[in-house]
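Here is a short walk through the aromatic rings of one model. Look at the structure first, then read on.

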Amino acid sequence: MAALHLRKHLSKWFAAEVVRQAYKAVGIKVHIGHFPWKRSYHYAQTGTGLGDDVWHGSIAWVKTPERETLFHYSTPLLSDNMVLYSLKKAPIEWTTLTDLAGLTIGATEHTNYEILESAQNKGLIKLQRAGNYDILFQRLLAERIDAVPQLKSVGEFYLSNNVKGADKDKITRSDSILSTREFHLILNKANPNNKQFAADFDRGMAIIKQNGVYQDLINKLNHGRYNN
């Protein structure tokens, strides 16, 4: 078997298993290291990290113009909807950006929020950046911000594993969708082998979608298999 080394950012267990199974279908063994987002991206871009291994890429990222200059993108691993989490005592339901006027919304430092950044540029809302989900949800519970934008799967994972008891019961989410995001495997263009590895992955994805393995992973995701 050929070997492929990837960094992934935390809480992407489902995506990591999709990558393993797709490459397994075409005879490629994958080694995955678990690191925070910023470090995962750095290792993926440079191809170096801890130890002497060559690191090929990272799981799982959305497309941006800047990243597309640096990485080969795979076919999507998963699509998910971003929604607003708020307090039950002050729930946020909205249909247009003007409905969000006056709100202070938390945001992580390294995430693009196109629709919210547009609202901020128009003077409708204020985005308050922080380093991670822990800080954002702590600020929400302390009523220092009005909402946290989050993908449903990530938000539910976080609440199930990191927010307990009465605090968890204080939080709700809106039905309105901020955006739908597709997540990809990214493989750095600096490594001449990665163009073929990207093609191999897409071939493996086609196989596991046809033979039912991908749908089985989706079913497990929907039933909470990857929430711990």
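Tyr133 is buried, with a relative accessible area of 17%. Buried means under 20% relative accessible area, exposed over 50%, partly exposed in between, with a 1.4 Å probe and protein chains only. Tyr158 is buried too, at 8%. Phe137 also counts as buried, at 1% relative accessibility.

This is a predicted model: local features need pLDDT of at least 70, side-chain atom pairs count only at pLDDT 80 or more, and totals for chains, interfaces and linings use all residues. Residues are numbered from 1 along each chain as its sequence is written, and side-chain values use heavy atoms, leaving out hydrogens and water.

How many aromatic pairs does the structure hold? There are eight. Rings of Phe, Tyr and Trp (its six-membered ring) pair if their centres lie within 6.5 Å; planes under 30 degrees apart count as stacked, over 60 as edge-to-face and the rest as tilted. One of the pairs is Tyr133 with Tyr158, edge-to-face at 6.1 Å centre to centre and 75° between the planes. Tyr133 sits in helix α5 (residues 133–141) and Tyr158 in helix α6 (residues 152–162), so the pair ties together parts 25 residues apart in sequence. Helices are DSSP runs (H or I, at least four residues), numbered from the N terminus.

Phe137 meets Tyr158 as well. Their ring centres are 5.0 Å apart and their planes are at 15°, so this pair is stacked. Phe137 lies in helix α5 and Tyr158 in helix α6, 21 residues apart. Tyr85, Tyr133, Phe137 and Tyr158 form one aromatic cluster.

Terms used. Helix = DSSP H or I, 4+ residues; strand = E, 2+ residues; numbered from the N terminus.
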